[in-house]
Amino acid sequence: MLKKLSIWVVFLAILLILPLLFDSIMGISILNQMAIAIVIALSYNMLLGQGGMLSFGHAVYFGLGGFMAVHALVMIEFETVTFSVTLIPMVGGLFGLVAAIFIGSFSTRKAGTVFAMISLGMGELIAASSLIFVDFFGGEAGVIGDRTFGPPFFGVDFAQDVEVYYLAAFWVFIATLFMYLFTQTPAGRMANAVRDNPERAEFIGYSARRVRFISFCAAGLFAGIAGGLFAMNFEFLTEENLNAATSGRVLLMAYIGGLGYFVGPIIGAVVLTLMNSLLSNYTELWMLYLGIMFVLTVMFLPRGFAGFIMLHQLAWHHGRLKTLALPYLVTGVPALLCAASLIGLIEMSHTEADIFHFLGLPLNPDQLVSWALPVLLTLGAGYATRSSLPQLRDAWHAANTEGKRAK
Amino acid sequence: MTILSLQQVTKKFGATPIIRGVDLDIQAGEKHAIIGPNGAGKSTLFHLISGRYSVTSGAIKLKGKPIHNRPPYQIARQGLARSFQVTNIFPHMNVFENVRCALLWSSGYRYSFWHLLGKATRLNDRTHAVLDQIGLSSRAHYPAAELAYAQQRALELGIAIAGGADVILLDEPVAGMSHSEAQSAVQLIRKVTEGKTLVMVEHDMNIVFDVADRISVLVYGQILATDTPLNIRNNPRVQEAYLGEETAGA
Ligand SMILES: Nc1ncnc2c1ncn2[C@@H]1O[C@H](COP(=O)(O)OP(=O)(O)O)[C@@H](O)[C@H]1O
Ligand SMILES: [Mg+2]
């Protein structure tokens with residue numbers, strides 16, 4: 001109990017300290033995007049990780065919530081309604097919930113392929129209607145709001161991004177807490193049961209459909225809250241925010257982070273936001289690398305980053321984690337080198353400049369010899385990585401079995 | 001008092017009749033065994049009673065109320081629980097959660113998303129009590145999928161009996177167990193179904209004659225005879241249709 005409480009205190013502390021550590025325009029901007037991503041990724045995991053519902057259209061609830069939130073901002077601006085913009089995420093949440101109640105009422109009838117196809121279809125349908133219902137979606141241009149017109153909240157008018165960050169941090173904390181608590185309730189536990197075995201769940205008194213529907217509505221609510229945060233942060237929304245590409249990115253986040261663990265999607269949201277905002281500054285090929293990372297994760301870390309970390313529990317439990325440090329280094333350094341030179345190769349073949357800087361070396365892509373070094377380095381480092389694998393495997397084995405004996 | 005009643009129940013898959021007009025009255029508190037050769041339709045009969053399949057014709061009543069063609073969760077809520085011939089548990093949840101979920105509805109939690117289960121002391125105590133009964137306390141935190149076969153069968157049974165249903169259907173609960181495992185499983189079944197109505201499909205005749213108050217013999221989708229173990233043993237038609245080959249085979 002105390003341990004759990006302390007985790008939440010640490011989480012809150014991190015949320016509060018982060019903007020002090022990354023106190024720049026870009027830093028705060030990335031933190032705001034991370035906050036939004038964490039909420040949407042966690043809400044997605046209520047469907048897939050906890051409820052066994054593979055959705056290709058989760059951005060719908062995020063986007064609809066966001067659009068509604070922008071309209072609420074506009075209404076505040078024109079004094080049609082008066083309330084603090086701190087509540088804007090809740091507006092998004094409620095609208096996401098309404099949309100989820102409506103769509104979930106038929107889409108949760110079945111899980112599996114049927115559910116996945118309906119989610120895809122609804123995603124396409126809503127994205128297409130955004131060009132039809134121009135009043136609500138603003139057509140291709142989208143809708144624009146202004147978060148600074150509401151009554152000031154204890155003197156804060158949200159003109160600064162960092163003010164938005166603290167608001168977002170508050171909502172991230174609340175949303176994360178409630179999504180966690182949901183997993184501890186009868187509805188949350190039965191969501192796991194229905195994910196595992198919908199048939200048996202019915203024989204212990206639960207309608208699998210109703211259980212899925214409840215998770216689906218909760219996921220819509222929290223996705224809408226994330227959409228409201230997005231509206232607060234960017235003050236505009238377009239069709240892009242609810243289309244299939246955005247839904248796909250949410251799926252990637254949750255999957256790469258690890259569906260089987262509550263913190264998994266948080267890790268995924270942080271990593272993908274960083275890749276999205278940092279990598280895209282350096283290379284236009286970042287989507288390619290993201291794709292490669294996703295494929296590698298699915299193949300080698302089926303339980304995601306969180307699952308990979310949890311793999312070390314046993315070794316850690318028996319105090320043998322440090323024996324893995326050296327083998328990890330021996331494999332990791334050449335592996336990184338191999339990846340780096342492979343990326344260098346890809347970038348060099350893509351570049352249009354006359355001189356390409358490969359690991360600091362100026363090379364001319366038009367000369368054949370320029371390619372020799374990166375190719376050799378890739379192969380060499382790849383070979384070194386490969387040859388170190390048996391050692392790593394032995395070390396892994398020793399760290400885990402040795403621990404058992406000590407028990 | 002009749003607690004479970006089947007009236008002229010039939011079931012066809014496509015054009016193939018599998019259950020061909022079954023009449024059966026089970027008394028409250030009775031221990032009833034259903035025996036019959038493979039493919040006779042015993043499991044199908046259980047699926048009809050528990051709502052997994054719809055009946056083609058006929059009626060099934062639980063405590064006087066019709067339950068045929070109702071979804072399984074409604075039938076379960078009226079106090080009928082069952083186990084499956086092929087283990088049917090929640091593989092990625094741990095053993096404790098498996099049993100606790102089976103207790104939720106009967107404990108009145110319904111679809112609540114405002115109760116925290118960590119604080120549900122009575123529910124958790126009851127879960128531990130069931131785990132003790134089925135001998136899985138030491139495995140409480142194992143994922144159900146990682147249990148050994150006999151332990152999975154014990155869990156299968158635990159899920160069926162946890163909710164305190166007063167009518168319990170067990171489909172070959174000890175099949176595939178070693179002799180000693182089966183012995184203790186039978187003890188367990190006896191203990192946990194005390195005072196309740198039990199309908200059980202079982203192949204092992206020693207167990208059947210030991211546990212059952214009455215036996216129904218199902219052959220090719222029809223009930224050949226329903227009677228006490230002694231009378232069933234001495235029934236020439238049953239011997240001819242079923243018991244004869246069984247004893248010859250054993
Ligand atoms: N869903 C189904 N579709 C078609 N045939 C089925 C189905 N379920 C069972 N059967 C058939 O019904 C017959 C009885 O099966 P079952 O009830 O499992 O027998 P038992 O449990 O007595 O061994 C078998 O011939 C089986 O092939
Ligand atoms: Mg059978």
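In the predicted model, the area buried between chain A and chain B amounts to about 2,600 Å², and carbon and sulfur atoms give 64% of this area. The contact draws on 25 residues from chain A and 33 residues from chain B. Between the two chains, 16 residue pairs are in polar contact, with both residues of each pair at pLDDT 80 or more. On the side of chain A that touches chain B, the elements giving two or more residues are helix H7 (161-183), helix H8 (186-196), helix H9 (198-203) and helix H10 (208-234) of chain A. Of these, H8(A) gives the most, with 8 residues, and the residues of this side of chain A divide into 12 nonpolar, 6 polar and 7 charged.

Side chains of opposite charge can pair when their charged atoms come close. The count between chain A and chain B is 3 salt bridges, whereas the structure holds 9 salt bridges over all chains. One salt bridge joins A:Glu199 to B:Arg52, with the closest N and O atoms 2.6 Å apart. Because B:Glu97 and B:Arg100 lie 3 residues apart in helix H3 (residues 95-104) of chain B, they are separated by about one helical turn, and both B:Glu97 and B:Arg100 are buried.

In chain A, A:Arg147 forms a salt bridge with A:Asp161, the closest N and O atoms being 3.1 Å apart; A:Arg147 is placed in the loop between strand E1 (143-144) and H7 of chain A, and A:Asp161 in helix H7 of chain A, so that the pair links distant parts of the chain, 14 residues apart. A:Arg147 counts as buried because its relative accessibility is 4%, whereas A:Asp161, at 30% relative accessibility, counts as partly exposed.

In chain B, the side chains of B:Glu30 and B:Arg214 meet in a salt bridge of 2.6 Å, N to O. This pair also links distant parts of the chain, with B:Glu30 in the loop between strand E2 (16-27) and strand E3 (31-35) of chain B and B:Arg214 in strand E9 (residues 214-219) of chain B, 184 residues apart. With a relative accessible area of 5%, B:Glu30 is buried, while B:Arg214, with a relative accessible area of 24%, is partly exposed.

How values were computed
Residues numbered from 1 in each chain as written. Chains lettered and ligands numbered in written order. Predicted model: local features only at pLDDT ≥ 70, side-chain atom pairs only at ≥ 80, totals over all residues. Heavy atoms only, no water. Contact = heavy atoms within 4.5 Å. Buried area = accessible area lost by both parts, 1.4 Å probe. Salt bridge = Lys/Arg side-chain N within 4 Å of Asp/Glu carboxyl O. Polar contact = N/O pair within 3.5 Å; in protein donor to acceptor, adjacent residues only side chain to side chain. Helix = DSSP H or I, 4+ residues; strand = E, 2+ residues; numbered from the N terminus. Nonpolar A, V, L, I, M, F, W, Y, C, P; charged D, E, K, R; others polar. Buried < 20%, exposed > 50% of the residue type's maximum accessible area, 1.4 Å probe, protein only.
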